[in-house]
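I opened the model today to look up a few sites. My notes follow in the order I took them.

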Amino acid sequence: MLRVQPWGPVTRVSLSRSLVGRPVFWVSVYVVDGLLIDSGPYRTRCEIVAVARDQGVEQVYCTHQHEDHTGGNRALYDALGLTPQAGPATVASLLAPPPIHLYRQFSWGQAQGAPARAVSHIATERYAFAVMPTPGHSPDHTALVEPTQGWVFGGDLFIHERAKYLRVDEDLATLIESLRCVAALHPTVLFCGHAGVVEDPAAAIARKLAYWDELRAEIQRRKASGQSLGAIRDALLGPEGMMTHVSRGHLSKLNMIRALDALATP
Ligand SMILES: [Zn+2]
């Protein structure tokens, strides 16, 4: 499934596997001035090739190695001869993508290896982008920054202002530092893989960090009164949802509570 939404010179392309006519999980990629930022899942590779052809895409950049951001790489290379570009820490995983959990295979599909090139900058006809390391969500995560326009293409850096779920392999302390670094740039717009177009991103990031700070303080208060982390999760975030069960805990609210608790007790 495919949705295309223009935002000035940037086009947001949302992609999802379709199951009995319904989307399973949307992810957004962006096209600007012939540059495609992230290639979406393997399961929507035909859609992204069609978009790339329609929009005259000449370059591809991947913010990080996760399969919902890189799954179109092989098809884009085979159909259009586009060699994906990425930060140096991402390239090895694009050449030979690591195996993924069953729930990720179901939702997005296993990315296939494709040629890839490490870059630190990307120039298009009208814009100049710099690669900014923003680890935490994954160790290799990067953002693409266009300083003249104040744009940040942030992949999975932001995701949601009140994120309740965390992957077990995310490094929350490093993610918070990356969010602070991006906010310090005072960008005008953040283009997110899940939240879409976020205007005034420094304020949105401040609200996101304040929300986590409040949760962290409440976790400490409840722990001091003898509550377990499971009971605290139920009280603050509610019981686990379907994604926790489907992912067998790889993605869960308890991961978030544990990570916030670990921040408070270094
Ligand atoms: Zn990701």
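First, the cut-off I need: a residue counts as buried under 20% relative accessible area, exposed over 50%, and partly exposed in between. I also note that this is a predicted model.

**Entry 1: Ser 138**

I started with Ser 138. Its relative accessible area is 2%, so Ser 138 is buried. I found Ser 138 in the loop between β11 and β12. I then checked its distance to Arg 167.

**Entry 2: the zinc ion**

Which residues coordinate the zinc ion? I listed His 64 through NE2, His 66 through ND1, His 137 through NE2 and Asp 156 through OD. The distances run from 2.1 to 2.2 Å. Along the sequence, the spacing of these donor residues reads H-x1-H-x70-H-x18-D.

I looked up burial for the pair: both His 66 and His 137 are buried.

Why is the arrangement around the zinc ion irregular? I checked the angles. The four donor atoms subtend 90 to 173°, which makes the arrangement irregular. For four donors to count as tetrahedral, all angles would have to lie between 85 and 135 degrees.

**Entry 3: the largest pocket**

I turned to the largest pocket next. It holds about 510 Å³ of space. How many residues line it? I read 28, with Phe 25, Ile 159, Tyr 165, His 194 and Leu 251 nearest the centre. Elements giving two or more residues to the lining are α2, α5 (102-107), β14 (166-167), α7 (201-224) and α9 (242-246).

I sorted the lining by class: 15 nonpolar, five polar and eight charged residues. I also checked the domains. Domain 1 (1-120) and domain 2 (127-266) each give at least three residues to the lining.

**Entry 4: positive phi**

Most residues other than glycine have a negative phi. I noted two residues with a positive value. Phi of Asp 38 is near 75°, and phi of Asp 200 is near 50°.

Where do they lie? Asp 38 is in the loop between β6 and α1 (45-54). Asp 200 is in the loop between β16 (196-199) and α7.

Buried or partly exposed? Asp 38 has a relative accessible area of 2%, so Asp 38 is buried. Asp 200 has 47%, so Asp 200 is partly exposed.

I looked up Leu 35 in strand β6, residues 35-37. Its relative accessible area is 0%, so Leu 35 is buried. Leu 35 and Glu 125 are 90 residues apart in sequence, yet 9.8 Å apart in space from C-alpha to C-alpha.

My last stop was Trp 7. I found Trp 7 in strand β1, residues 2-7. At 27% relative accessibility, I logged Trp 7 as partly exposed.

How values were computed. Residues numbered from 1 in each chain as written. Predicted model: local features only at pLDDT ≥ 70, side-chain atom pairs only at ≥ 80, totals over all residues. Heavy atoms only, no water. Donors = N, O, S within 2.8 Å, 3.2 Å for Na, K, Ca; no water. Tetrahedral: all angles 85-135°; square planar, octahedral: opposite > 155°, others 65-115°. Buried < 20%, exposed > 50% of the residue type's maximum accessible area, 1.4 Å probe, protein only. 1 Å grid on protein atoms, 1.4 Å probe; cavity = no way out; pocket = protein on both sides within 12 Å on 5 of 7 lines; lining within 4 Å. Points joined across faces, edges and corners; volume = space filled by probe spheres on them. Helix = DSSP H or I, 4+ residues; strand = E, 2+ residues; numbered from the N terminus. Nonpolar A, V, L, I, M, F, W, Y, C, P; charged D, E, K, R; others polar. Domains from an automatic or database assignment.
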